[in-house]
Amino acid sequence: MRRRVQLNLMIQSATGRRILLLSLAFCLLLTSSHAVGGWACIPQDDNCRPVFIVHDSWHAAIVLRKDDLPSAALPELADFPEARFIEFSWGDKDYFPDPNSGFSTAVKAAVWSSGSVLHIVGFQENVRAFYPRSQIVELRLSAPAYDRLVSFLSQSFSRSPEKRRALASSGLYPYSRFYPSTGKFSLINTCNTWVAEALETAGLPVSAGLVITAGQLAEELDKIVHSP
């Protein structure tokens, strides 16, 4: 009798686990379908917007057309009156702005970063001509997904309550600026992670938690580009 009861309990437990796993799988399927349906661009939709992900062997950035960006959400655009395209990238506040920073600064950024910055670049050239040595992936986002991406970018700026626009400092180029940002850079939270998080927030099927390097970001993008 005891063995029969134990057997019944084992069967019930196994059945319960199967039901739980099937439920989780179903929820994940719904989430995935919602994400793909939420960001994918219908060819006939004139409201779709292009998004360029630019990366090399270590760094990644998001490039958008300036005319597609609302100045109310991104008042910093006023610093780039002549630009056709805007590049957004993110990194450690001490290491990123200093092209001559040494090993100790790199270690500090990876282990105990004191903050982060956004590097914004405004330019007029064609995107592929402007980045001749970089890998470029062009995505087309639906209007709701694009709005979520813009919201993520806007919230990445650290703005004081008194000022509507984040305080700019000199960038790496004459046509770029650095701005204080939210979040903290680390060995496991890099510029590539930030780009992946932006896309994930927009609703794309990207796992930001799996991205640290540019190669891992490329793998996530490749899944999107070559998805059926």
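**Figure 1. Helix α4 (residues 143–155) lies across β1, β2, β3 and β5 of the predicted model.** Its course runs at about 120° to β2. Contact here denotes heavy atoms within 4.5 Å; axes are lines fitted to C-alpha atoms, for helices over the stretch in contact, and angles run from 0 to 180 degrees between N-to-C directions. Helices (H or I, at least four residues) and strands (E, at least two) are DSSP runs numbered from the N terminus. Residues are numbered from 1 along each chain as its sequence is written, and side-chain values use heavy atoms, with hydrogens and water left out. Because the model is predicted, local features need pLDDT of at least 70 and side-chain atom pairs count only at pLDDT 80 or more, whereas totals for chains, interfaces and linings use all residues.

**Figure 2. Helix α6 (residues 214–225) lies across β1, β2 and β5.** Relative to β1, helix α6 runs at about 145°.

**Figure 3. Seven strands form an open sheet with antiparallel pairing.** The strand order is β5-β1-β2-β3-β4-β7-β6. β5 (135–141) and β6 (169–170) each have a single partner strand and stand at the edges, so one side of each is left without a neighbour in the sheet. Two strands are taken to pair if DSSP finds at least two bridges between them.

**Figure 4. Strand β4 (residues 116–123) pairs with β3 and with β7.** Eight bridges join β3 and β4 in the antiparallel sense, and W90 stands opposite L118 in β4. β4 and strand β7 (residues 176–181) also run antiparallel, joined by six bridges; the bridge partner of H119 is F178 in β7.

**Figure 5. β6 and β7 form a hairpin.** Five residues lie between the two strands, which pair in the antiparallel sense over two bridges. S170 stands opposite R177 in β7.

**Figure 6. The largest pocket holds about 810 Å³ of space.** Of the 35 residues that line this pocket, D56, W58, H59, A60 and F96 are the closest to its centre. β1 (49–55), β2 (60–65), β3 (85–92), α2 (103–112) and α5 (191–202) each supply at least two lining residues, and β3 gives the most, with five. The lining comprises 20 nonpolar, eleven polar and four charged residues (nonpolar: Ala, Val, Leu, Ile, Met, Phe, Trp, Tyr, Cys and Pro; charged: Asp, Glu, Lys and Arg; polar: the others, Gly among them). On a 1 Å grid over the protein atoms alone, a pocket is an open set of points where a 1.4 Å probe fits, with protein on both sides within 12 Å along at least five of seven lines; lining residues have an atom within 4 Å of a point. Grid points are joined across faces, edges and corners, and the volume is the space filled by probe spheres set on the points.
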